[in-house]
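Biologist: Could you walk me through this structure and explain the words you use for it?
Modeller: Gladly, let's look at it together.
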Amino acid sequence: MKNVPKIAHTNKFWIKQKKYLKQPDFVLDFGCATGLYSIKFASNVKTIIGIDISSKMIEIANRNALTPNIKNISFSQSTIFNEELKKESFNIILSFNIIHFLENTQEGIQRLNELLRPGGLIISSTACMGEKSLMNSFVFFLMKFGVFPRFRFFKKTELEEVFTQGGFTIIESKVLTYHPTIEYYIVAKKL
């Protein structure tokens with residue numbers, strides 16, 4: 001796929017994640033932003049539906065999908081609570097850098113559980129700002145004055161607990177980055 005914009009994490013890491021994606025899979029890219037992850041994984045699955053609350057991001061995602069001429073992706077402005085998203089519709093949910101922004105984390109994780117078929121997977125990465133970092137004070141200051149959107153300051157253990165309480169078992173986890181914040185990667189399977 002030529003001309004696909006680069007993703008922040010190393011390609012080597014993301015290529016390994018393709019082991020979870022199979023050709024017959026229906027995938028939801030929750031908080032798809034500009035669609036870069038959807039585009040990266042499109043050739044490995046049957047269908048990807050990318051959703052984001054920002055219409056501007058969806059416009060960019062649609063443009064990004066044109067360059068490599070990908071036919072199995074659709075993008076729409078939506079939330080996970082959209083009733084058009086039917087229960088047990090997806091084998092995989094991609095959730096990169098979005099869980100910490102959920103207003104009610106447990107409710108959001110429960111909805112993701114509902115959307116997954118039995119044995120389905122969530123592949124996620126989440127900023128864990130609850131871990132010690134010099135960046136935390138700065139981000140908190142920006143949030144207080146409305147410069148930065150509000151989000152939850154997870155610790156890694158708290159994030160894992162959200163998944164397990166939401167009906168998932170964690171099958172893989174690791175720290176992706178330490179600077180400027182800790183980004184924690186989790187693959188969780190619906191029980």
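Modeller: Ala33 sits in the loop between β1 and α2 (36-41), where helices (H or I, at least four residues) and strands (E, at least two) are DSSP runs, numbered from the N terminus. This is a predicted model, where local features need pLDDT of at least 70, side-chain atom pairs count only at pLDDT 80 or more, and totals for chains, interfaces and linings use all residues. Residues are numbered from 1 along each chain as its sequence is written, and side-chain values use heavy atoms, leaving out hydrogens and water.

Biologist: Why is Ala33 called partly exposed?
Modeller: Buried means under 20% relative accessible area, exposed over 50%, and partly exposed in between (1.4 Å probe, protein chains only). Ala33 has 27%, so it is partly exposed.

Biologist: What makes Glu88 partly exposed?
Modeller: Its relative accessible area is 44%, so the label is partly exposed again. Glu88 lies in the loop between β3 (73-77) and β4.

Biologist: What is noted about phi of Glu88?
Modeller: Phi of Glu88 is near 55°, a positive value in a residue other than glycine. For Ala33, phi is also positive, near 55°.

Biologist: Which residues touch the most other members of the largest nonpolar core?
Modeller: Among its 26 residues, they are Phe30, Ile93, Ile99, Leu159 and Phe163. Such a core is a set of buried Ala, Val, Leu, Ile, Met, Phe, Trp, Tyr and Cys residues joined through side-chain atoms within 4.5 Å.

Biologist: Which residues is Ile99 in contact with, leaving aside neighbours within four places in sequence?
Modeller: They include Thr105, Ser124 and Phe154; contact means heavy atoms within 4.5 Å.
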